[in-house]
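Subject: Structure for your files

Hello,

Here is the structure I promised to send over. My notes on it follow below.

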Amino acid sequence: MISRYPWGMTDPQLVLIERVQQALATAFGPEYAGSDPLIRPSQFADYQANVALSLAKRLRRAPREVAQAIADAIDVGDVFDSVETSGPGFLNITLSDDWIAAQAVRTLDDPRSGVGLTTPPRTVIVDYSAPNAAKEMHVGHLRTTIVGDSLVRMLEHLGNRAIRQNHLGDWGTPFGMLIEHLLDIGEANAIARLEAGEGSEYYQQARVKFDSDADFKERSRRRVGTLQAEDPETIRLWHLFMDATIRYYNKVYATLGVTLTDSDIAGESMYNPMLAETCADLEASGVAVMSEGALCVFPPGFKGSDDKPLPLIIRKSDGAYGYATTDLAAIRYRVRDIKADRILYVVGADQALHFQMVFAAARQAGWLTDDVDAEHIQIGMMLGSDGRRFRTRAGQSVKLTDLLDEAVERASASIAERDYDEATRSEIARTVGMGAVKYADLSVSHDSEYIFDFDRMLAFTGNTGPYMQYATARIRSIFRKGGVDPATVTGPILLGEPAERDLALQLLGFGRVVEHAATTAEPHRLCAYLFETASAFTTFYEKCPVLRDDVDPATRASRLALCALSLRVLQTGLNLLGVPVPDRM
RNA sequence: GCGCCCUUAGCUCAGUGGAUAGAGCAUCGGACUUCUAAUCCGACGGUCGCAGGUUCGAAUCCUGCAGGGCGCACCA
C-alpha cells in the first residue's frame, strides 16, 4: 500500500527511515539503500535504529563499528538533535525540538492531520454485523458490528472504496417455521413483536412448536418449499417478517451509531439465485464431487477424524444448500462483480475452520486469486465476569438492547452530581454509555476473548471510552473559557516544557497508526495510540497552564495550538472508532 | 484424533526479533486558592505455562509437552 501525503509527511518514523536508508547507501553502497532500518521507539532516545546489528554479519564488521559508520554518514540536517551509538550497536536518535515543533504546525495546517491517502484506492469489502434472523440476536453481534464498523471508517478515511456488506441470516430452512408462526400469531402482532426486539422469544416459541407439534412441523416443511419456489404469498410473508426484523436492527444500529444502512444489506437470500450456478461451476471444473449423496469440495490439507479428507458440503443430500454454498457464491460475486481487492470477514472466531475451507475452495475454483486478500477477522467471545460465556444470572443470553440501556443508566448515575440540565445530562449519559461499551469492545485485540465488565469500561481512568471523552471535553472547555475557536488557531508552536515536547511528538504519529490499524484490521492499535495521546495531553494539561494570566501571549498561542491539534487527533481518532464525543462532561 | 485461538504483575489487558517486558485497576504514599481532581505524580508488584531449538539477540520464530476455550459430514 502506497500512501500519498498531500500536505507532506509529518510522521517522524517515515522521515527517519528515509534518512537512515540514505546513510546506509552512503556508508556501504547503494545495494543497502533498501534495507529496513528497524526504527523503533526507544526508552533511551526518541527512536532507535537497530539496523547495524542485523547488517553486521553481512558486512563482516563489528556491530558498533557499523552503527558508527551510519551515524557518521547520516544527514543530520535540522531534523536530529543527536545520533549516538549505544550498547551492542544501537543508534539512539533524538529529534530536534524545532523540527518537532515545525512538524506539529504542519500537522495542524493539514486538514487530514497527517493521515495519508491510499494510492490507488483499494476496493475493500467489509462483511460485518450479520445478525441471523432465525437465531437469537445476542451480545456476540455487538463486537462484530462495532469492530467491522470501525474498520470501514478507517478504510474510508484512508481513501479506499470501502463496501459494507451485512450478510444477514435471512434465508434457509428455519424460515418455514418462522413464517408459519407469523401466521399463527397474526401478522400485525408478529410485526409489532419483531420491531420491539423480541426476535429471540419469537424464534424460541416457533422452535418449541416445531419440536412438539407434528402438524406445525409439517406446515413449516411445506412452507420452506414454497419459499424456495418463490411463491408470491410466501415471499410476501417473508418480507413482512424480514422488514420488521430489519427495522429493529436499524433501531439498534442507530442507538449504537453504526453506519450500516438498508443499502448495505446483502443477506443470504440475495445469493439464493446464484447457488445452483455456483454448484454447477464447481462440479463442472471438478472442484466439487459427490460424496455420500452430498456435493462436496475437499480442499487439500483439511483432515477430519481418522485422517479422512474433510468436506465442505455445498449441496446437501436432500438437495438443499448450506451456508458454505452461500459463502462461496458471495466470494465469487465479490471478486468477479464488485471487483474487490480485499475482503474482510468480521465474524466470530468459532468460524475459523469454515472460512479456511471456504477460502481454500474458492482458490481451487480460481475465484480467489493472488491479487485478492480474503481475511477472516476473528472475533473472540464475550465472557462474563466468571470467565464463562456471557449470560444473565438466569443463564439466558443477554439481550443487546438491555445491555446498552444498562450502560446508559450507569453512565447517567456517574454524572448525577453534575450541574447540567436534564436534556444535557441525558445526552451526556447516552454518549458516555455508548462510548464506553464500544470502546471496550475495540480496545482489546479482536480475536481475544474478553471479559465484559461495566465497572471497568465506565471508569474515567485507564484505557476507557470515558477517559478519552473526558480529555476532549477538557480541551473544549479551554477553548470555551478562552473564547477561542480551535479551527482558527495557528502556530508557531514552542516546546519549552518536556510535557509539551512529548505531546507534540506523540501527535505526529497519528497518520501512521491509522494506516497500521487499517492494514492489520486491528482497531485496538488505534485505541492504544489514542490512550497514549490522551495521557500525554492530561500530563500537559496538569503541567502547562494555557489561559492563566501569567502565561505570556506567545506561550499561550503555542499551547492553544497544541490543544487544537490534540483535540483534532482525538476527535478524528474516536470518530474512526465510531466512539461518540460529547462537547462537555 | 484434527484444526483455530489462547496461557505475560493479585485482576483486566498491551507488547513490531532488540537494551532493564509495559499500561490500567487494586494496594500504599503524595498533589486541588488552579483552564473540569471524572485528573495528575510516585511506590509496590514478573521463573512472559514448561522444555528444547534457530539467532549476535526470543514474550515474539520453529518443534514438542502441559493447561484452557472454541470448532470439526448434511444448522447457519
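Helices (H or I, at least four residues) and strands (E, at least two) are DSSP runs, numbered from the N terminus. Helix H1 covers residues 12-28, and Gln-13 belongs to it. This is a predicted model, in which local features need pLDDT of at least 70 and side-chain atom pairs count only at pLDDT 80 or more, while totals for chains, interfaces and linings use all residues. Residues are numbered from 1 along each chain as its sequence is written, chains are lettered from A and ligands numbered from 1 in the order in which they are written, and side-chain values use heavy atoms, with hydrogens and water left out.

Gln-13 counts as buried because its relative accessibility is 12% (buried means under 20% relative accessible area, exposed over 50%, partly exposed in between; 1.4 Å probe, protein chains only). Leaving aside neighbours within four places in sequence, Gln-13 is in contact with Ile-39, Tyr-47 and Arg-512 (contact means heavy atoms within 4.5 Å).

Next, the RNA. There are 71 residues around RNA strand B, of which Lys-57, Glu-268, Arg-418, Phe-460 and Ser-477 come nearest (a residue is near a molecule or strand if one of its heavy atoms lies within 4 Å of it). Of the atoms of RNA strand B that come within 4 Å of the protein, 57% belong to sugar and phosphate. By class, the surface near RNA strand B holds 30 nonpolar, 22 polar and 19 charged residues (Ala, Val, Leu, Ile, Met, Phe, Trp, Tyr, Cys and Pro count as nonpolar, Asp, Glu, Lys and Arg as charged, and the others, Gly among them, as polar). Elements that each supply at least two residues of this surface include helix H2 (51-59), helix H18 (465-482) and helix H21 (523-543).

Individual atom pairs:
- Arg-474: a polar side-chain atom lies 2.5 Å from a phosphate oxygen of RNA strand B.
- Glu-449: a side-chain N or O atom is 2.7 Å from a sugar or linking oxygen of RNA strand B.
- Cys-544: a polar backbone atom is 3.1 Å from a base nitrogen of RNA strand B.

Last, a sheet. Its 3 strands form an open sheet in the order S9-S10-S11, with antiparallel pairing (two strands pair if DSSP finds at least two bridges between them). Strand S9 (288-291) and strand S11 (312-315) are the edge strands, each pairing on one side only. S10 and S11 are joined by 3 bridges, and Cys-296 stands opposite Ile-313 in S11.

Regards

Note on methods. Polar contact = N/O pair within 3.5 Å; in protein donor to acceptor, adjacent residues only side chain to side chain.
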